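These questions concern a ligand and the residues around it. The structure comes first, then the questions.

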Amino acid sequence: MQKLIIKGGKRLRGEIPLQGCKNSALPIMAAALLCNEECTLYNCPKLTDVFSASRILNGLGCRCSFSGNTVQIDSSTASETEISEQLMREMRSSIIFMGAMLGRMGECTVSVPGGCELGPRPIDMHLSAMRKMGIDVRETGGRISCKASGKKAKGAKISLFFPSVGATENIILCAVTAEGETVINNAAREPEICDLCGFLRACGAEISGDGESRIVIKGIPELHGCEYRIMPDRIAGATYLAMTAASRGEIILTNACPTELEPFLTVLEQTGCSIYSDDDKIYLRSGTRLKAVRDRIRTMPHPGFPTDAQAVLMAALVSADGTSVFEENIFDCRYRHTEALVKMGADIQVMGKIAVVKGIDKLNGANVEATDLRGGAAMVIAGLSADGVSEITQIHHIDRGYEKIEEAVSALGGDIQRV
Ligand code: UD1
């Protein structure tokens with residue numbers, strides 16, 4: 001099993017391009033199933049989750065191939081309506097294939113996506129929305145069979161009790177080729193929803209309101225192919241910025257998305273870093289010990305502070321001057337990384353959804369296990385700013401979301417090796 005070995009203490013400095021966005025690439029790959037012609041996606045990150053999505057597409061009879069960061073998907077030959085339990089378990093985002101398969105084939109059999117990484121992640125909103133769209137949904141022994149009466153889903157008015165990203169994506173995917181109009185109230189407003197809708201519009205879909213709480217989708221008979229460039233990954237961006245800040249370094253992120261990163265950047269600025277952005281570049285300079293963040297850091301749906309950036313910011317703040325307080329409002333069990341940070345010397349008290357982080361002078365290197373994707377990235381940040389050597393195991397979690405993290409860190413002058 002591979003691991004990362006990190007020698008901490010180097011000040012990171014340099015320029016790196018930001019990878020394409022995982023959380024856009026996965027729903028957009030699912031959306032390509034709705035097209036009767038070939039789609040070409042540029043800036044697609046090469047990640048294990050993306051390869052899982054490609055295995056799902058190939059299993060459904062599509063032809064999905066990679067050349068560098070370009071993916072070609074030909075769904076004209078799609079014929080299967082089932083995704084195996086094993087493929088469903090490989091990644092949580094597999095559930096968004098449900099909407100795409102219903103939109104394309106009018107039926108599908110999937111499973112509850114597995115694991116308990118961040119606490120319970122129910123799919124009740126996904127299923128009740130499908131039922132509202134005229135889909136017969138049956139659940140037996142972990143398998144979920146869905147079928148549209150008369151081959152097509154029907155447009156509906158759907159109000160979500162929480163702006164779920166996954167449920168919003170599933171409804172959009174099911175609605176673009178449904179009969180009639182679908183309205184989603186209290187829709188998720190994440191930038192990745194806009195990216196998915198941008199792709200679908202490039203394929204001929206009629207969607208308006210994405211990026212706002214009310215999305216309207218007018219069903220059309222079928223979608224054509226297109227060429228589309230996936231947006232930059234704002235969470236990978238947040239990770240490299242937090243990493244550089246913690247090392248008291250300096251970074252230029254190119255191919256970045258400053259507007260989408262604003263909720264993160266406004267908090268990071270409170271640590272005393274200088275941050276400037278221009279078009280698709282973000283410049284950060286840290287220089288001295290970070291200051292603790294004054295305001296409570298509350299994770300919220302976009303445009304609030306992203307839950308995905310909670311762990312990486314915490315890893316930077318464990319050695320800041322003063323006390324920072326986090327409040328995790330999206331997931332019940334998203335502080336699993338704190339145990340590893342404490343092992344490295346951090347002073348963190350967790351009480352339910354609150355984590356109080358008292359800054360210490362210096363972390364010490366330690367052997368730790370990545371607990372989940374962003375938690376694993378937090379351990380890389382901690383290892384780079386610690387005294388001594390850290391070994392991180394279970395790095396398959398990290399590889400789900402970061403394209404060759406060791407190359408990006410090395411390009412910034414960090415001492416990291418994958419062995
Ligand atoms: C969430 C994040 C997203 C992030 C992703 C991966 C939010 C709003 N969403 O998206 O930004 O990229 O994790 O870490 O921050 N829920 C239900 N029933 C459902 C669906 C969801 O109760 O049917 C609850 C979940 O348990 C959770 C909340 O709604 O507490 C947010 O879920 P959702 O936005 O769907 O999660 P993801 O799509 O996984």
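Q: Which element gives the largest share of the shell around the ligand?
A: In this predicted model, two helices, α5 (124-132) and α6 (165-175), are the elements that give two or more residues to the shell around the ligand. The largest share is 3 residues, and the element that gives these residues is α5.

Q: From which domains does the shell draw at least three residues each?
A: The ligand sits in the largest pocket. Each of two domains gives at least three residues to the shell around the ligand: domain 1 (4-19 + 232-418) and domain 2 (22-229).

Q: How many residues of the shell around the ligand are nonpolar, polar and charged?
A: There are 19 residues around the ligand, and those that come nearest are R121, D124, S164, D308 and I330. By class, the shell has 5 charged, 5 polar and 9 nonpolar residues.

Q: Which residue has a polar side-chain atom 2.6 Å from a nitrogen atom of the ligand?
A: A pair of N or O atoms counts as a polar contact within 3.5 Å. The side chain of N23 has an N or O atom 2.9 Å from an oxygen atom of the ligand. For a nitrogen atom of the ligand, the residue with a polar side-chain atom at 2.6 Å is D124.

Q: What percentage of the ligand's accessible area does the protein cover?
A: A polar backbone atom of V165 lies 2.8 Å from an oxygen atom of the ligand. On its own, the ligand has 730 Å² of accessible area, and the part that the protein covers is 83%.

Note on methods
Residues are numbered from 1 along each chain as its sequence is written. This is a predicted model: local features need pLDDT of at least 70, side-chain atom pairs count only at pLDDT 80 or more; totals for chains, interfaces and linings use all residues. Side-chain values use heavy atoms; hydrogens and water are left out. A residue is near a molecule or strand if one of its heavy atoms lies within 4 Å of it. A polar contact is a pair of N or O atoms within 3.5 Å; within protein, one must be able to donate a hydrogen and the other to accept it, and residues adjacent in sequence count only if both atoms are side-chain atoms. Accessible areas come from the Shrake-Rupley method with a 1.4 Å probe; for residues, only the protein chains shown count as cover. On a 1 Å grid over the protein atoms alone, a cavity is a set of points where a 1.4 Å probe fits but cannot get out, and a pocket is an open set with protein on both sides within 12 Å along at least five of seven lines; lining residues have an atom within 4 Å of a point. A molecule sits in a cavity or pocket if more than half of its atoms lie within 2 Å of its grid points. Helices (H or I, at least four residues) and strands (E, at least two) are DSSP runs, numbered from the N terminus. Ala, Val, Leu, Ile, Met, Phe, Trp, Tyr, Cys and Pro count as nonpolar, Asp, Glu, Lys and Arg as charged, and the others, Gly among them, as polar. Domain bounds come from an automatic or database domain assignment.
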